[in-house]
Amino acid sequence: MRFGFLFYNMSRFSQFARNWALPISMACGIVGYFIFASLPLSDEGQQQVLSFISGTIQPMLIFSMLFLSFIKVRLTEMKPHRWQFWVLLLQAGCFVVCSLLALLCSPNVLGQWFDSDTLLGMKILCEGAMLAFICPTATASAVITGKLGGSTAGVVTYLLVCNLMVAVMAPALLTLVEPQSNLDFTTSFFMILGKVFPLLICPLLCALFVRYLMPSVHRKLLNYTGLSFNFWTVALALAIAVTVHSIVHSTVSVWYMVGLAIISGLCCLAQFYLGKRVGSYYDRLTGEDNHVTRITAGQAFGQKNTVFIIWLGLVFLNPITSVVGGFYSVWHNSVNSYQLYKARKRQ
């Protein structure tokens with residue numbers, strides 16, 4: 001009886017951990033950071049550990065996660081859909097509007113109505129919104145989309161097209177809002193391309209190689225595609241720990257921090273909402289009643305590569321805006337946790 005009771009409780013705990021994997025992972029990341037910060041390490045030692053995590057461990061986890069997700073994707077399934085065009089147009093349009101608002105927040109335009117400090121604050125908030133909208137879709141979107149019942153092939157196709165759009169639009173407008181003397185369009189274009197494409201293209205090419213040239217290995221790997229979600233929970237815990245570190249050590253004032261947190265939350269909700277609206281329209285057109293396009297478009301628009309947001313802010317805009325990436329990571333993972341909870345209730 002004692003062993004039966006123990007087994008029952010272990011099974012319930014295991015089920016609870018699977019059901020609430022993302023919130024548990026985020027909590028582990030927060031607690032893990034403060035445990036790490038309390039260790040007797042010098043500032044240089046802490047930086048070396050964080051660099052190893054973000055430069056080696058996280059890319060390995062993301063590569064493994066994407067490889068196992070892409071294993072399920074056929075090359076013939078990766079074709080463009082009309083919903084992708086409209087979501088791209090919305091993403092580009094929101095980015096352009098925020099860029100124009102940031103350009104308006106200058107003493108030459110609004111100086112007679114606002115003082116310089118107010119204009120600087122308004123510009124920083126607009127730049128934060130710019131980053132939230134232009135940032136490409138998160139690589140983990142393929143994992144979450146599949147978990148929610150969406151189309152992995154559809155979101156992977158959007159990932160590729162979206163990254164190309166970002167590589168073209170971001171250098172043009174980011175350097176216009178905050179001119180960089182040492183960065184022209186061509187340099188910025190290849191910097192962004194080099195930042196976003198290797199970790200996306202390499203696992204896709206490897207997956208296609210295994211599918212078409214090693215079919216027996218491919219069949220075996222199909223049994224392990226569920227591990228991609230487990231890899232993501234570990235990568236998420238590490239990402240949250242690094243995010244907490246950047247927020248704790250940030251020199252940004254509390255008011256800017258609160259303002260950027262609110263901006264990132266509003267942008268996150270808006271993108272999930274708009275993406276799902278576009279997807280729902282095409283679900284109705286095709287007569288789909290399982291909301292595949294709605295789920296896929298919502299994840300494609302709402303999930304963001306938050307590490308890339310931080311990098312963009314530090315390199316191209318006012319460095320204060322980089323904290324938007326940290327807050328956006330919390331928001332979009334909270335939304336995904338709620339969506340997974342709703343999906344479990346429906347099942």
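Q: Helices (H or I, at least four residues) and strands (E, at least two) are DSSP runs, numbered from the N terminus. In which helix is His-218 found?

A: His-218 sits in helix H11, residues 215-221. This is a predicted model: local features need pLDDT of at least 70, side-chain atom pairs count only at pLDDT 80 or more, and totals for chains, interfaces and linings use all residues. Residues are numbered from 1 along each chain as its sequence is written, and side-chain values use heavy atoms, with hydrogens and water left out.

Q: How many helices and strands does the chain have?

A: The chain has 16 helices and 0 strands.

Q: Is His-218 buried or exposed?

A: Check the relative accessible area: under 20% is buried, over 50% is exposed, and in between is partly exposed (1.4 Å probe, protein chains only). His-218 has a relative accessible area of 7%, so His-218 is buried. Across the 347 residues of the chain, 48% count as buried.

Q: Which residues is His-218 in contact with, leaving aside its neighbours within four places in sequence?

A: Contact means heavy atoms within 4.5 Å. With those neighbours set aside, His-218 touches Ile-71, Val-210 and Arg-211. Now take the chain as a whole. Look at contacts between residues at least 6 apart in sequence: 83% of these join residues at least 24 apart.

Q: How is a pair of aromatic rings described?

A: Rings of Phe, Tyr and Trp (its six-membered ring) pair if their centres lie within 6.5 Å; planes under 30 degrees apart are stacked, over 60 edge-to-face, the rest tilted. This structure holds 7 aromatic pairs. One of them joins Phe-85 and Trp-86 edge-to-face, at 5.2 Å centre to centre with 75° between the planes. Phe-85 has 49% relative accessibility, so Phe-85 counts as partly exposed. Trp-86 is partly exposed because its relative accessible area is 42%.

Q: What kind of pair do Tyr-281 and Tyr-282 form?

A: Tyr-281 and Tyr-282 are also edge-to-face, with 5.2 Å centre to centre and 85° between the planes. Tyr-281, at 42% relative accessibility, counts as partly exposed. Tyr-282 is buried, because its relative accessible area is 11%.

Q: Which residues do ring pairs link into a cluster?

A: The cluster is made of Phe-308, Trp-311 and Phe-316.

Q: How much space lies in the largest pocket?

A: About 970 Å³. Of the 40 residues lining the largest pocket, Ser-54, Gln-58, Asn-305, Val-307 and Phe-308 are the closest to its centre. Volume is the space filled by probe spheres set on grid points, joined across faces, edges and corners. On a 1 Å grid over the protein atoms alone, a pocket is an open set of points where a 1.4 Å probe fits, with protein on both sides within 12 Å along at least five of seven lines; lining residues have an atom within 4 Å of a point.

Q: Which helix gives the most to the lining of the largest pocket?

A: H12 does, with 8 residues. Helices that each supply at least two lining residues include H3 (43-70), H12 (227-248) and H16 (323-346).
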